[in-house]
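Hello,

Here is the structure I promised to pass on to you. Have a look at it first, and then read on for what I found in it.

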Amino acid sequence: MTAVEADSGRLKGEADEPGWEVDPDDEWGVAVIATVGRQLKLRREAVGMRAAEFGAAVGYGEDMVYKIEGGKRIPRQDYLVRADEVLGAGGLVAAAWEDVKRVRYPKKVRELAKLEGQVVEIGVYECNSVHGLLQTPEHARALFEAWQPSYSPDDIDRMVAARLARQTVFERDPAPSVHFVLEEAPLRRQVGGTMVWRQQLERLLEVGRLNNVTLQVMPTNSDAHPGLDGRIELLKFPDGTAVGRADGLYNGRPVSEPRQLRVLELQYGTLRAQALPPRESLSFVETLLGET
């Protein structure tokens, strides 16, 4: 079936909504989507509607109905809301979105967001771009749109939403202590154009002025430092444990063994010592903003 918008008189199919497939390696995601799909099918059959008839009522093609009911596709919120109305479910089907939205992001992103939601301290050195926790929606979108091979618009929407969802770490109470060291060069790169770049610099100032956040800039004219091999991340938890990774150490894999963590902490501490102090770093960003 040709797939276009339902409000033009035709029904949505995969061509309209690519990228919402269930990752077969995501066991929890598979279980959630399979359960929601099964409930949709049972309710549809209980009211005596065929898949094609139901699809026409909710604005989707019959093939999409079967895939969602079979747990092969992640339903959008508008699909669940419309299905709730068609099936007379009294809000029970629409409420499934609360479970669905937790698994619509890639597994790796969810796992990272879960860890960031538990930490008492985050330390990040970013060398090639503005770190995801600091990105504006427009900046993040411009980065994803530049990737090759290119992503579909739907994939990009999902990835931007996932990245922004991680930024709730700044809203936690009590808030974790967050330290950023960013290279100067990415701050000068006008990703997305002048207006998007200005908004990103303003966002850096906004976050950098939070009481629990330290933002430092590593000048391009600085001496050699341990971050030249790539990104470094450290996450510390309330029980005293920690996990970290560095592009240039241990094959880039996450580590939690104390001896390996000490090496990462030594490298990160050196980076912070070589970077501009926080006050000077914010002044540096303000100077960049004034140059636009």
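**Strands 4 and 5, and what surrounds them**

Strand 4 and strand 5 run antiparallel and are joined by five bridges. One of the pairings is Ile232 with Ala246, its bridge partner in strand 5. Before going further, please keep in mind that this is a predicted model.

The two strands belong to an open sheet of five strands, in the order 3-2-1-4-5 and with mixed pairing. Strand 3 (213-218) and strand 5 (242-246) stand at the edges with a single partner strand each, so one side of each has no neighbour in the sheet. On average, neighbouring strands of this sheet are turned by 5 degrees against each other, direction ignored. As a reminder, strands of a sheet pair through backbone hydrogen bonds, either parallel or antiparallel.

**Glu233**

The residue I would look at in strand 4 (residues 232-236) is Glu233. Is Glu233 buried or exposed? Its relative accessibility is 14%, and the cut-off for buried is under 20%, so Glu233 counts as buried. Leaving aside residues up to four places away in sequence, Glu233 touches Gly123, Val124, His131, Val243, Gly244 and Arg245.

One of those contacts is also a salt bridge: Glu233 pairs with Arg245, and the closest N and O atoms are 3.5 Å apart. This pair links distant parts of the chain, with Glu233 in strand 4 and Arg245 in strand 5, twelve residues apart. Arg245 counts as partly exposed because its relative accessibility is 21%, whereas Glu233 is buried.

**Other salt bridges**

How many salt bridges are there in the model? The count comes to 13. Besides the one above, I picked out these for you:

- Arg231 forms a salt bridge with Glu126, with 2.9 Å between the closest N and O atoms. This pair, too, links distant parts of the chain: Arg231 lies in the loop between strand 3 and strand 4, and Glu126 lies in strand 1 (residues 121-126), 105 residues apart. Glu126 is buried, with a relative accessible area of 2%, while Arg231 is partly exposed at 28% relative accessibility.
- Glu202 forms a salt bridge with Arg198, and here the closest N and O atoms are 3.9 Å apart. Both residues lie in helix 10 (residues 194-208), four residues apart, which is about one turn of the helix. Glu202 is partly exposed, with a relative accessible area of 39%, and Arg198 counts as partly exposed at 26% relative accessibility.
- Glu184, Arg188 and Glu291 are linked in a network of salt bridges.

**The chain as a whole**

Stepping back, the secondary structure comes to twelve helices and five strands. The chain has 292 residues, and buried residues make up 47% of them. Of the contacts with a separation of 6 or more, 69% are between residues 24 or more positions apart. The chain exposes about 14900 Å², and carbon and sulfur atoms supply 51% of that area.

If you want a place to start, display Glu233 with Arg245, and then turn to Arg231 with Glu126.

Best wishes

Notes: Residues numbered from 1 in each chain as written. Predicted model: local features only at pLDDT ≥ 70, side-chain atom pairs only at ≥ 80, totals over all residues. Heavy atoms only, no water. Buried < 20%, exposed > 50% of the residue type's maximum accessible area, 1.4 Å probe, protein only. Contact = heavy atoms within 4.5 Å. Pairing = 2+ DSSP bridges. Axes fitted to C-alpha atoms, helices over the stretch in contact; angles between N-to-C directions. Areas by Shrake-Rupley, 256 points an atom, 1.4 Å probe, with all protein chains shown as cover. Salt bridge = Lys/Arg side-chain N within 4 Å of Asp/Glu carboxyl O.
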